[in-house]
Amino acid sequence: MENSQDPAVSAATVTDARAWMKILARYRQPSTGRGIVEIAITVVPLAALWALAWATLDIGYWLALPLAIAAACFLVRLFAIQHDCGHGSFFRHRLANDWFGRIAGVLTFTPYGVWRHAHATHHASTGNLDRRGLGDVDTLTVQEYRARSFWGRLRYRLYRHPLVMFGLGPAYVFLLHYRLPVGSMRDGWRPWASTMTTNLAIGLLVALLMWVVGIKAFLLVHLPILLFAASVGVWMFFVQHQFEHTTWENDREWNLHDAALHGSSHYDLPAFLHWFTANIGIHHVHHLNSRIPYYRLPRVLRDHPELRNVGRLTLWQSFRCVRLVLWDETQRRLVSFREVRAAG
């Protein structure tokens, strides 16, 4: 059983990111039985709530819509399972991870193969100022922002506006952006195969559901589920790296382990929100060792409480992260548009 008396643990400090890699390796082993249970308690309620939302449309949308929102919470959880599959941490065998990831990708409207590649790039380059672009929230430095034209600044400000970042943006990404292998279009046939087979499966599923329940009913039930889940997913990804004490470095000074530990937040949510988001808020631990199944992440914090306060961010504190939009290389922190304007 893991405990903090291990010699390797006592030799490590909270700032010694490389040492934590070795310590956390013991939590990596997935359980097939636990994985099956996690899928069941996610997919069955998702399907049941979807059906209930449809069945209650005749009673009133005031009842159907909350049921659809509840179903969206389980869709978020399903995406988190797909996320673990992409890291090879949900099942013991790669084929099991990949095939369930592909199936989940149909329900989450996400081409699994393309997303997995982009997300792996994100893990390999998070916090690196010279390797921004794929799998990240676009972030400019203050100098880059000031060097842009009026229209360039306006585009960035619109992109960073909360209504776009957490409303229009997620809708665009999951409904349109993921329908083509954007970012991988010149990487051979595999990204196209992943995207087009996912699109075909989505099309068949949507056609079947529309045939069963009708077009109007499908849109009234499924669009709120997909859009709410997409917004929650983007919000979670945003606050995991766009927070006050995150770190960014140029390639020469950048270190993978330090960026993982100190560039990722510990989003300390209430227990029920941790459950629906599959503990992905324990993001600094996840980035240190992405092969740890999400259901083992809380145990890491129980065994190693010194990690609890690293990058800790409460739900209330996270709302203030929205204003942090530019990386100030002089102050070495994220700043707001207002701060940049005040500095001249």
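Predicted model: local features only at pLDDT ≥ 70, side-chain atom pairs only at ≥ 80, totals over all residues.
Visitor: How are α9 and α11 oriented to each other?
Guide: Helix α9 covers residues 162-175 and helix α11 residues 215-239, helices being DSSP runs of H or I with at least four residues, numbered from the N terminus. Their axes (lines fitted to C-alpha atoms over the stretch in contact, with angles from 0 to 180 degrees between N-to-C directions) lie 8 Å apart at an angle of about 110 degrees. The two helices are therefore roughly perpendicular.

Visitor: Into which classes do the residues of the contact of α9 with α11 divide?
Guide: Contact here means heavy atoms within 4.5 Å, and the residues that make it include Phe166, Pro170 and Phe174 of α9 together with Leu227, Val234 and Trp235 of α11. In the classes used, Ala, Val, Leu, Ile, Met, Phe, Trp, Tyr, Cys and Pro are nonpolar, Asp, Glu, Lys and Arg are charged, and the others, Gly among them, are polar. The residues of this contact divide into 12 nonpolar, 2 polar and no charged.

Visitor: How is α8 placed to α9, oblique or roughly parallel?
Guide: Helix α8, residues 150-160, packs with α9 at an angle of about 60 degrees, and the axes are 4 Å apart. This angle makes the arrangement of α8 to α9 oblique.

Visitor: Which residues of α9 make the contact with α8?
Guide: The contact of α8 with α9 divides into 5 nonpolar residues, no polar ones and 1 charged. On the α8 side stand Leu158, Tyr159 and Arg160, and on the α9 side Pro162, Val164 and Met165.

Visitor: How many nonpolar residues does the contact of α3 with α4 have?
Guide: Among the residues that make this contact are Ile39, Leu46 and Trp50 of α3 and Leu67, Phe74 and Leu78 of α4. By class there are 2 charged residues and 1 polar, and the nonpolar number 18.

Visitor: Which helix gives the largest share of the lining of the largest pocket?
Guide: The largest pocket has a volume of about 1200 Å³, and of its 42 lining residues, those closest to the centre are Val173, Phe174, Tyr178, Val234 and Phe237. A pocket is an open set of points on a 1 Å grid, with protein on both sides within 12 Å along at least five of seven lines, and lining residues have an atom within 4 Å of a point. At least two lining residues come from each of α4 (61-86), α6 (112-125), α9 and α11. The largest share, 8 residues, belongs to α9.

Visitor: Which helix gives the most to the lining of the second largest pocket?
Guide: The second largest pocket, with a volume of about 480 Å³, has 22 lining residues, of which Arg102, Gly113, Arg190, Ala193 and Ser194 are the closest to its centre. Its lining divides into 10 nonpolar, 6 polar and 6 charged residues. At least two residues come from each of α5 (94-108), α6 and α10 (189-213), and the most, 8 residues, from α10.

Visitor: How much space lies in the largest cavity?
Guide: A cavity is a set of points where a 1.4 Å probe fits but cannot get out, and a search of the whole structure finds 1 of 30 Å³ or more. The lining of the largest cavity has 3 nonpolar, 10 polar and 2 charged residues. Volume is the space filled by probe spheres set on grid points joined across faces, edges and corners, and for the largest cavity it is about 110 Å³.

Conventions: Residues numbered from 1 in each chain as written. Heavy atoms only, no water. Parallel < 35°, antiparallel > 145°, perpendicular 65-115°, else oblique.
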